[in-house]
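The notes below are meant for a colleague who is meeting this structure for the first time. Please keep the sequence and the model open while reading the numbered points.

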Amino acid sequence: TKYVTQLRQNYRNHPAIMRFSNENFYDSQLISKCSNEVLNCACDPELLINNPYFPILFCTIESKSEKVGKTLKNEGELAMLTNYLNVLLKRGVKGMEVSQDDIGIITPYRGQRNRMIESFCKSFSKLEIGTVDAFQGREKKIIMFSCVRSGMKDIGFLRNEKRLNVALTRAKALLIIFGNIEMLQKCAKWKKFITYCYENEAVVGGIHSANENAAA
């Protein structure tokens, strides 16, 4: 019994980051035990403009994905993610410095992973960039998640609930997602997560918000 109780205690995630997966994948059995540092470090009104107490941002973008062999990339999402990355590394969060080691960048598609590694290798060589599967069992203070798939008839393996759960729970204190909401809402689980973000005023037109922050 003691062992089972131990498994139910979540020390990794901010409660708002844990809540969706807890309710949709774990029958609400997890109990948040995160530290005060995790609880407070990303509650930043300059970054989380609409709701500074909800450390998730869903940056909606409609740029189309492109085929790269058997995989995909999305240049629009890469550009928007780069804007936010520059904001985080330049300004920090809540007055505290953010280092490259604090950030993990994940994506379901190897084409996007390879494109990001190519783009960031010189300026951001210490960033950890990988696929969702590669980040299983891992955690970072900040996770940036590029969904990639856009302008297609269906959402492909983004429908995989195990990968969705992994992607949404790697972040300890701040989760920023880049994706096409209209596309993702074709999946019932994604639609529930997007509704969760809307209910907490966490959906933004990402490039506008990123530039606004960078210029401030």
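1. The model is a predicted one, in which local features need pLDDT of at least 70 and side-chain atom pairs count only at pLDDT 80 or more, while totals for chains, interfaces and linings use all residues. Residues are numbered from 1 along each chain as its sequence is written, and side-chain values use heavy atoms, with hydrogens and water left out.

2. Arg115 lies in helix α5, residues 110–120; helices (H or I, at least four residues) and strands (E, at least two) are DSSP runs numbered from the N terminus. Leaving aside neighbours within four places in sequence, Arg115 is in contact (heavy atoms within 4.5 Å) with Lys73, Glu75 and Leu78. The C-alpha atoms of Arg115 and Lys73 are separated by 7.2 Å, although the two residues are 42 residues apart along the chain.

3. The side chains of Arg115 and Glu75 are joined by a polar contact of 2.7 Å, the term standing for a pair of N or O atoms within 3.5 Å, where within protein one must be able to donate a hydrogen and the other to accept it, and where residues adjacent in sequence count only if both atoms are side-chain atoms.

4. Which residue forms a salt bridge with Arg115, the closest N and O atoms being 3.7 Å apart? The partner is Glu118, a salt bridge being a side-chain nitrogen of Lys or Arg within 4 Å of a carboxyl oxygen of Asp or Glu. Glu118 and Arg115 are separated by about one helical turn, because they are 3 residues apart in helix α5. Glu118 is exposed, with a relative accessible area of 53%.

5. A search of the whole structure finds 11 salt bridges, among them one between Lys140 and Glu128, whose closest N and O atoms are 3.4 Å apart. This pair links distant parts of the chain, with Lys140 in strand β8 and Glu128 in strand β7 (residues 128–131), 12 residues apart. Lys140 counts as buried at 13% relative accessibility, whereas Glu128, at 23%, counts as partly exposed.

6. Another salt bridge joins Arg163 and Asp133, with the closest N and O atoms 3.2 Å apart; here Arg163 belongs to helix α6 and Asp133 to the loop between β7 and β8, 30 residues apart. Arg163 is partly exposed, with a relative accessible area of 27%, and Asp133 is also partly exposed, with 43%. Elsewhere, salt bridges that share partners join Lys73, Glu75, Arg115 and Glu118 into one network.

7. Helix α4 (residues 75–91) has 17 residues and reaches 24 Å from its first C-alpha to its last, close to the 24 Å expected at 1.5 Å a residue, where the expected span is 1.5 Å times one less than the number of residues. Asn74 caps the N-terminal end of α4, with a side-chain oxygen 3.1 Å from the backbone nitrogen of Gly76, and just after the helix Gly92 takes a positive phi of about 75 degrees.

8. The largest nonpolar core has 35 residues, such a core being a set of buried Ala, Val, Leu, Ile, Met, Phe, Trp, Tyr and Cys residues joined through side-chain atoms within 4.5 Å. Helix α8 gives the most to this core, with 5 residues. A second, separate core of 29 residues includes Cys41, Leu48, Leu78 and Phe178.

Methods:
Buried means under 20% relative accessible area, exposed over 50%, partly exposed in between (1.4 Å probe, protein chains only).
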